[in-house]
Every structure is written in C-alpha cells, then in structure tokens.
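Reader: I am new to this structure. Please take one part of it, look at that part closely, and then connect it to the rest.

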Amino acid sequence: MKDAPIEAKLLIRHGYVITMDDAETVFEDGAVAIGANGRILAVGDDAGIAGRCRASESIDAHGAPVHPGFVECHLHASYQLFRGALPDQLVESDSFDSFEGHFYNAVTDEDEYLSVLLACIEMVRNGTTCFMEAGTVLTPEMAARAAREVGIRAVLGDAFIWDQPQGFAQGKTDAAEGCATCAAQARLHTVLRRAPQTKDEALATLGKQILRNSDPDALVTGHVAVLGLGTASEDLMMQAKACADAAGVTLNIHQSYSPADTEADRRRFGKDPLVHLFETGFLDRNVTFGHANHLTDTECEALLERGASIAWAPAASMMWGHGSSVHGRHAELWRRGANVALGSDSPNWSNDFDLWRQASIAVLTARDVRMDRTYLVAEDGLHMATRAGARAVGLEKAIGSLEPGKRADIVIHTLDRPEMVPSTNMIRNLFYASRSKSVHTVIIDGKVVLEGGAFRHIDERAIFAEVRKASQALLARMGQKVAPNRLARPLRSVG
Ligand SMILES: [Zn+2]
C-alpha cells in the first residue's frame, strides 16, 4: 500500500533526527514534516517522507542533529538587567537586601519587558524553545509580550504568591535561631512594595495567568507559581494546589534550596518538609519543586511515590555553594524513575540561560561525585532537557519529543563547527563538545524563529542597545555600585 501524500508547510530534510520518543528512535538521514497548524505531521527516514511530501518551504539540515527544543523549568526572567552585578564575595543572605529588594522597587514595566526579551533571545539562541517562569515578574503581561515577540513558548505564573514574605518557618526568622537567610528574608517584608503582603492580596492574584489557557493554541500559557521557601502559609499553599488541580496545570514552587531554608521548613513542619507535604496531599504529580537540593531518604521515597518533578538547577547551586552536586539526590532519583528536569535560575545564579550547560554539569557532576563514568550518559541529559522538562511544565502531551501530533518545537544544529568534526558519534559530539555552540536554526510552534544563526523577525542588536541603556538607568535607581571581586588569595609578585 502506498503511503498517503503529506501537505506540509515546512519540511526539514537530511537531519540526524533525535526524536526522544518512547523508543528513543533516531533517524540517521531523517525528515520532519510540519503542518500549517504548527504541529508535526510526520517524522521518519528522509527517503520515506520527502518523496510523498509537498511543502511550501524546506530546510536542509545537511546531516546535522535535529532534536526537540529544550524546556527551561526554573527561570527568573526579569533579572537580566543586573546580570553579573553581584560580586563573588557577596553572601546569599545579603543578596536580597543589596540587590533584589532595591530591584523590585526600582524596576518598571518597560524594564521587565526588555529583560524578558533579552532572556528569550538568549534561550532561543541556545536551543531552548519553552520556559516556565518562577512567578517573579511583577507584571506578567510584560513577559507574555516579550515571549510572543521573540516567538518562544512561555508558561507564566502570577507574581509573588506569598502571604508571609517575612520568610521562613512562620515567624521563627530571627538570626538568633541560626538562620541568617531567614533573617534577610524577614527584612524583605517592608521592601517589596509591589508584591502581595497578605493572604487576601495573594489570593486576589492567584490564578490570573491560567486564564491564558482558554486558547488551546496560545504560545503563552499559565501555571501556578508559589515562591515557597517558607514565604507561604500552608493554607495558601493548599489553596494554590487546589487552583492548579482545578485548572490541570503545574504548581511550581522553590523547595529545599539551601541547608538553611530546608532546616527552617523542617522546624515549621516538625518533620522533613517533603514528608509533611506528602501527608497533607500537597506533594503530587503536578508539582514541580525548584532546586530540591537537600532531600532525605524518606523524602526521596515520598517524591517517587507521588511522581512529582524536580527542576534541578545545578549551576545555581554551584555558584552559591549549596552542594547540590555533592549532596543532591537528583541523579539517583532520575535513575530510579523520578522526573528530573533542568533550570538555569537567574542571571546572578547561573548567569546564562543555556540548558546545554546545565545538562552537561548535571551528567558530569553525577559521575564525578560517585567516581563512576557510567552513572549517567549523554542521553540522560538530553532526556532531562526535553521530555522531563515538558512534563515538569505540564506540557508533556504537546512538546518534548518529535512525534506526529506534537507541536513543532525543533532545534537544528550545524556540522560546520570544529567541535562537530569528525562526527564519529553524533550524540556524544553534540553533548560533550558542541552543545549550544552548534545551534543553527530554531523552529517554535512550526515557525522559523532563528534561521542560520539570525533571528527572522526581531532586530537583536537594537534590543541589546536598549537593554544596556535600561540596565545603567536601573542600577542607578537601585543605588547600586557594581563592585569588583575580592581576590580569594592575596596578590603576589612573580619572579
Ligand atoms: Zn528560583
């Protein structure tokens, strides 16, 4: 029987197509046909598809890898304007007072728009086609506008769903209790003027982004973000969970990031945080925990039983010395079947929005800490960045793999990079050598956003110029002088 003809809008030919489907199918000389509705029509051998496909546009991948776009699962998209401003000697308990607090009182809607615009440009250039924002853009519509302009898929949350911004462990926040981070959070209470201060204010905001989901074709959708780390009462957490359940979306919350906030949560719950959340029913399949760097054995079992996701941000932990590569259970949980996705956090935590870097750190540190080369392989990293990411943001039916019916969020690399020569094993060369450096063309929702390294619809350099100007003005309004690093060892003369 002859296969039916395919009427496509776009046809990708001669790609090394890494589908990330359940069977991990790879087509060494593959093709992907995309329909006018932005969905994938067919994936398979080039010879089998090209002969029966009529397409108005076609792209030749010249043998280079083609894979599903990466899904960024933990991102603060509005801090771009002070990227790199925090000096290395700054301790985390001072960062809120020195930077974030001033930032939130000085930032304008236009700043947020420019910041997210820059973040989106960076993500697309690095092969990320979807991101979930952590619920910290004060005017989410600015993030939506920026995402739509760049053409990236976005999953937004309402800003600062919290009702006890004074911080961790329900009032047990003074430094005398041994938690400097809690004490710093406590000072935020009077600082963030545009964020909710009470439960009623938080509840009045909660669920607004979900209204975006009424359009089944929306590029920008909503989820429920709760800031977490002790800033939400249990009542607010449960109301947020009910809201996410009713809408069938992900609930995304920071959890067990540093030893200090984990211990503060342990004090307020009277037991390991995830064990308590398991017992109350909060811990569930639609919950994605940002970081989760410090989990006990019992918490790991609870997480596995309920099937919750983790957005692991390995570089952020390394940047601030929180020990996720040494003490984190992410790789072990992954091997046991947990859904571990990846996140870049923010422009002073891992500083770049490049999931290739996160995936690489995740795989390599997991091996190093166990002194076992076989512990995780390159494909594990690819899976975390695609399939696991799609599930962590609640879009596993729509994205994460190249299969008929899914949205066409696709990254095409180039072999014209020294790191991709020779291509003895395409996946190993891609994962260990070229990573985001070989990203060439990016398609999101069936539309070509980045083509041969250039954006089709936006003037990147003009945006960079505006961001530079806005950053200077913002830092001046924040009253911040950007200090150099203090050297870790004294200068000494050589000779
Ligand atoms: Zn975060």
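Author: Lysine 469 sits in helix H17, which covers residues 460-478; helices (H or I, at least four residues) and strands (E, at least two) are DSSP runs, numbered from the N terminus. The model is predicted, so local features need pLDDT of at least 70 and side-chain atom pairs count only at pLDDT 80 or more, while totals for chains, interfaces and linings use all residues. Residues are numbered from 1 along each chain as its sequence is written.

Lysine 469 counts as exposed because it has 11 C-beta neighbours inside 10 Å. From C-alpha to C-alpha, lysine 469 is 9.5 Å from leucine 81, although 388 residues separate the two in sequence.

Next, the domains. An automatic or database domain assignment gives domain 1 (6-68 + 405-455) and domain 2 (71-392). Their centres, taken over C-alpha atoms, are 30 Å apart. Domain 1 gives 20 residues to the contact and domain 2 gives 21, where contact means C-beta atoms, placed from the backbone, within 7 Å. On the side of domain 1 that touches domain 2, two or more residues come from each of strand E5 (65-68), helix H16 (426-434), strand E16 (439-444) and strand E17 (447-451). H16 has the largest share, 4 residues. By type, this side has 12 nonpolar, 2 polar and 6 charged residues; Ala, Val, Leu, Ile, Met, Phe, Trp, Tyr, Cys and Pro count as nonpolar, Asp, Glu, Lys and Arg as charged, and the others, Gly among them, as polar.

Buried residues of H4 include Pro140, Met142, Ala143 and Val150. The contact of H3 with H4 has 11 nonpolar, no polar and 4 charged residues. After H4 comes glycine 151, with a positive phi near 95°.

Finally, confidence. The chain has a mean pLDDT of 93, and 94% of its residues reach 70 or more; pLDDT is the predictor's confidence in each residue, from 0 to 100. Residues 169-178 have pLDDT below 50, and the model shows 22 contacts for this stretch beyond near neighbours in sequence. Where pLDDT is low, the predicted coordinates should not be read in detail.

Methods:
Buried ≥ 20, exposed ≤ 12 C-beta atoms within 10 Å, placed from the backbone. Contact = placed C-beta atoms within 7 Å.
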